[in-house]
Every structure is written in structure tokens, then in C-alpha cells.
Amino acid sequence: MATPLAREWTGIQTFPVATQNKLVELLGKLKGDNVDTLTILVMGKGGVGKSSTLNSLLGDRFFSVSAFQSEGLRPMMCSRTRADFTLNIIDTPGIVEGGYINEQALDIIKRFLLNKTIDVLLFVERLDAYRVDSLDKQVVKSITETFGKAIWRRSLLVLTHAQLSPPDGLSYEDFFAKRSEAVLRYMRLGAGIRRKEFEANPIPVVLVENSGRCRTNDLGEKILPDGTTWIPNLVKVIVEVVSNGSEPVVVDQQLIDGPNPNNWGKHFIPLILAFQYFFVIKNIRGRIKQDIKNERVPAWELRDMGRADGKF
Ligand code: GDP
Ligand code: MG
């Protein structure tokens, strides 16, 4: 999906040289695999840091960031090129409003994506949140209903606000493990993926710290409390997801108006009913008839029917 309007990705030059080198190497790996375009979609609730994460990735303040939820309904796309490689980044507004899923926002997102191919979905949540409620699961369910279950094979969980001191003397690792486990659990349930299937194809989790106060290493690269240089790490995991053997999600007219992509099994319902009729119901009926034939009628019943002794 080459975008004619794509501008040169100059934001990459705002990164320290060490980060730039790692990014160039990762993008080179993609090009080596004949991938010359990467379209990244971001989704999640409002205020979790979606726009900030994309800006961090671009090295640019392209998307507007707001501490208060005044995002508007329209998705936005930013396309950048570098050495014949095109990066398309699509930001979306949060899909929750007043405690409910905003179906209108979802519909606008879907139409905006028409004829686009989503290579990766970044599902964003905050690391420093402690509660999970039924609405969280609902967000995942709505995304699944919109794009099909297959989107989760192309997704990663991004946890923002990663520079934190865990409460109650928990270690950073324990806190991260507990929080990511809780989010992954509601993602699995919301997407309707069986535990075994989920374990076979786990959704990778990436930590992000968008704050200007994010600590840096000696080379000036932004690091997490555990020392990970998070921008190259985010890109590394994106590249891994793109290369995991799954198909990208093509948003075509059929996906937009067609039946729910998760309900394709419905087409088999008439076949299943026919199978039940011929192999199950007919069989049972045959057996019942046989049973009736073989049944010895008790004497009192014959008498009641007036045939007990043949006098009548
Ligand atoms: P969106 O609604 O999901 O797009 O969220 P925004 O990117 O607009 O961010 C909402 C607020 O959270 C803004 O005030 C951001 O500055 C802040 N924010 C986003 N990510 C982080 C982060 O990783 N750390 C910190 N400390 N603040 C963040
Ligand atoms: Mg935003």
C-alpha cells in the first residue's frame, strides 16, 4: 500500500545514534524479507497513551496528545518513508464513551481503514492501572467483531507509563507480570480465544514510557527501569509479529458490510441440520419404530383395547 503523500521520515534523526542504528537494522531485516511497507494500527480506550506512543515511535509530534479526553472521532494516518520503506501509522480515538462502547467511533474507524491492510495492531493499556472491569473485555470483543479474531495474531499489547515504582513493596518484575497477566486474560476472554490456542500463539507485551522524564542510558537512549531501550524493543517486537507466519488483515468492503467475520461457521448450519436429520433423527426414528414392533403388549392393555380374549 504505497502512499503517494508519504514524506521522508525525518523524525528518526531525533533519536540518539544508537537508537537510529538499531531501527535501521530492524527495518533492513524487514526489507530483507521483502516487506517494504508496514501499516500499524493503534487501538484502545481513551487516555491510555495511544497518540503519545505513536509520536514516540515517529520521533515527531504528529498526533495530538491530550490529558483530557477531547480526541474527536476521526482516525488519523501518518505516512513516512525511509530508503524505499514506507511506514503508515494510524491513530484512532478511544472507543469507549460514558461507560459504553462507542459504536459510531468503531464504524468510522472501520470505514477509514477501507482498502488498507493492517500489518500490526498495537493494543494499548496503561501499566499503572490496577483494575480490570467488564468494559475492558468489551473493548476487545468489539475489536474482534470489527476485524475478526485473526487480528490478534497480528497484535501486541503495549503497556504505557512503564516508569513506575510498584506499590506495596512488589518488585517491578512481579508488578509487570501481574498486570500483563490480568490484561492478557481479559484480552483472551474478550477475543473468545481458547486458553490452549492463546498459549500456542501468545500476544507479546511491550513496555513503553512516553514521558519526557523517561530515564536515558549513557548513549542517550530512553530506558525502562529494567534498562531496556524501549523504542528499539517496540520495533523489534513489531517486526517479530509481522514475521510470525500469520496473515495481515485486509479491510475490504466485504469485511465492512459483510457478515461478522467470526460467524463464518453460520454457513454450515444448514449442513449440520441436514446431517442431524439423516444420521441422527432418522436413525432414532427407525429404532423407535423397531421397538414398537418388538414390544410385547401386556395382557391388561390388550384387554383394555378389547382384544384380550377375542370375545369382542
Ligand atoms: P490517547 O487518548 O490514548 O491517545 O492518550 P494520549 O497519548 O493523548 O495521552 C493521554 C495523557 O497521558 C497525556 O497527558 C500524555 O502526556 C500522558 N501519557 C501518555 N503516555 C504516557 C506515558 O507513557 N507516561 C506518562 N507519564 N504519561 C503518558
Ligand atoms: Mg489520542
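**Pockets, cavity and central sheet of a predicted model**

About 410 Å³ of space lies in the second largest pocket of this predicted model. This pocket is lined by 21 residues, of which Asn55, Ser56, Gly59, Asn210 and Lys222 are the closest to its centre. Helix 2 (50-58) and helix 7 (230-242) are the elements that give two or more residues to this lining. By class, the lining of the second largest pocket comprises six nonpolar, eleven polar and four charged residues. Here a pocket is an open set of points on a 1 Å grid over the protein atoms alone, with protein on both sides within 12 Å along at least five of seven lines, whereas a cavity is a set of points where a 1.4 Å probe fits but cannot get out, and lining residues have an atom within 4 Å of a point. Grid points are joined across faces, edges and corners, and a volume is the space filled by probe spheres set on the points. For the classes, Ala, Val, Leu, Ile, Met, Phe, Trp, Tyr, Cys and Pro count as nonpolar, Asp, Glu, Lys and Arg as charged, and the others, Gly among them, as polar.

This is a predicted model, in which local features need pLDDT of at least 70 and side-chain atom pairs count only at pLDDT 80 or more, while totals for chains, interfaces and linings use all residues. Residues are numbered from 1 along each chain as its sequence is written, chains are lettered from A and ligands numbered from 1 in the order in which they are written, and side-chain values use heavy atoms, with hydrogens and water left out.

The chain holds ten helices and eleven strands, where helices (H or I, at least four residues) and strands (E, at least two) are DSSP runs numbered from the N terminus. Of its 312 residues, 42% are buried, a word that stands for under 20% relative accessible area, with exposed meaning over 50% and partly exposed in between (1.4 Å probe, protein chains only). Among the contacts in the chain with a separation of 6 or more, 74% are between residues 24 or more positions apart, contact meaning heavy atoms within 4.5 Å.

Seven strands form an open sheet with mixed pairing, in the order 1-3-4-2-8-9-10. Its edge strands, each of which pairs on one side only, are strand 1 (7-8) and strand 10 (205-207). Two strands are taken to pair if DSSP finds at least two bridges between them. Strand 1 runs parallel to strand 3 (residues 76-82), with two bridges between them, and Arg7 stands opposite Arg80 in strand 3.

Strand 2 (residues 37-44) is largely enclosed by the rest of the structure, because eight of its eight residues are buried. Thr37, Thr39, Leu41 and Met43 point one way from this strand, while Leu38, Ile40, Val42 and Gly44 point the other way. Five bridges join strand 2 to the parallel strand 4 (residues 85-91), where Thr86 stands opposite Thr37. Strand 2 also pairs in the parallel sense with strand 8 (residues 120-126), again over five bridges, and Leu41 stands opposite Leu121 in strand 8.

Strand 2 and helix 7 each supply at least two residues of the lining of the largest cavity, which holds about 70 Å³ of space. The structure has one cavity of 30 Å³ or more. The lining of the largest cavity consists of Trp9, Leu27, Leu38, Ile40, Leu57, Leu87, Val235 and Ile238, and by class these are eight nonpolar, no polar and no charged residues.

Ser51 lies in helix 2, and UniProt lists Ser51 and Gln69 under "binding site" in an unreviewed entry; UniProt positions are given in the numbering used here, feature names are shortened, and annotations may be inferred rather than shown by experiment. With a relative accessible area of 8%, Ser51 is buried, and, not counting residues up to four places away in sequence, Ser51 touches Phe63, Ser64, Val65 and Asp91. Thr53 also lies in helix 2 and is buried, with a relative accessible area of 0%. Leaving aside neighbours within four places in sequence, Thr53 is in contact with Val158, Thr160, Val208, Asn210 and Leu234.
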